[in-house]
Amino acid sequence: MLALVGHDRDELLNELSFACDGVAKAFEQGHPWSTPRGSYFTAQPLGGEGVAFVYPGAFNSYLNLGRDLLQHFPDLHERLANFISNPGRAVADRLLYPRSLYPLNAAMLPERAVALAGNPTAMIESGTTFAMLYTGLIRDTFGVQPRSALGYSLGEISMLWAAGVWNSGDMISEAWHRSPL
């Protein structure tokens, strides 16, 4: 199993360069490889072969999450339309993709990220919606079938939606938006 962790493209590329040496050493020495940032590889996984889909907790959305996803994979439009009648609200489009009369500069982005993080409903609903879209893409488009799935904290909710166990997106969306919590 190999997992690379980074906050942005540069960090991921840096972790990837470390992995090139680290993975080879892990095979040679028979010990797992890891970095302080959280990247990890083991040549001897605990379980049997197969893929597990893992869903993070509720507050994992970020600015521009999935920005080009539907352009690159237009079949996902139908999946999204079957899931929810108001996709813009479900992905918190105004918060994930901030609009401005002028291009946003680097100084404006932290303020926009705080606005997104300060809206728990938007964070939960957009994360769940994108979990469902990415799962459909990986499973149905790329043909990767998981042997198992698990979710951490509210990731269990995302897992159930993404796996199709639950399917009434409009009902839960209304509940989220009406809840005083």
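Hi everyone, a definition to start: a helix axis here is a line fitted to C-alpha atoms over the stretch in contact, and angles run from 0 to 180 degrees between N-to-C directions. Helices are DSSP runs of H or I with at least four residues, strands are E runs of at least two, and both are numbered from the N terminus.

This is a predicted model, in which local features need pLDDT of at least 70, side-chain atom pairs count only at pLDDT 80 or more, and totals for chains, interfaces and linings use all residues. Residues are numbered from 1 along each chain as its sequence is written, and side-chain values use heavy atoms, with hydrogens and water left out.

Let's look at a helix pair. Helix α3, residues 76-83, packs against helix α7, residues 120-141, at an angle of about 135 degrees, and their axes are 10 Å apart. That makes α3 oblique to α7; the scheme calls angles under 35 degrees roughly parallel, over 145 roughly antiparallel, 65 to 115 roughly perpendicular and the rest oblique.

Which residues meet there? From α3 we have L76, R79, L80 and F83, and from α7 T129, M132, L133, G136, L137, R139 and D140, with contact meaning heavy atoms within 4.5 Å. By class, this contact has six nonpolar, two polar and three charged residues. For that tally, Ala, Val, Leu, Ile, Met, Phe, Trp, Tyr, Cys and Pro are nonpolar, Asp, Glu, Lys and Arg are charged, and the others, Gly among them, are polar.

Now, salt bridges. We need a side-chain nitrogen of Lys or Arg within 4 Å of a carboxyl oxygen of Asp or Glu, and the count by this rule is five. One of them joins E11 to R37, with the closest N and O atoms 3.2 Å apart. That pair links distant parts of the chain, 26 residues apart: E11 is in helix α1 (residues 9-29), and R37 is in the loop between β2 (33-34) and β3 (40-41).

R37 also forms a salt bridge with E15, at 3.6 Å from N to O. E15 lies in helix α1, so this pair ties together parts 22 residues apart in sequence.

How accessible is E15? E15 is buried, at 2% relative accessibility, where buried means under 20% relative accessible area, exposed over 50% and partly exposed in between, using a 1.4 Å probe and protein chains only. E11 is buried too, at 19%, while R37 is partly exposed at 35%.

D140 is partly exposed at 44%, and R139 is buried at 16%. As for shared partners, salt bridges join E11, E15 and R37 into one network.
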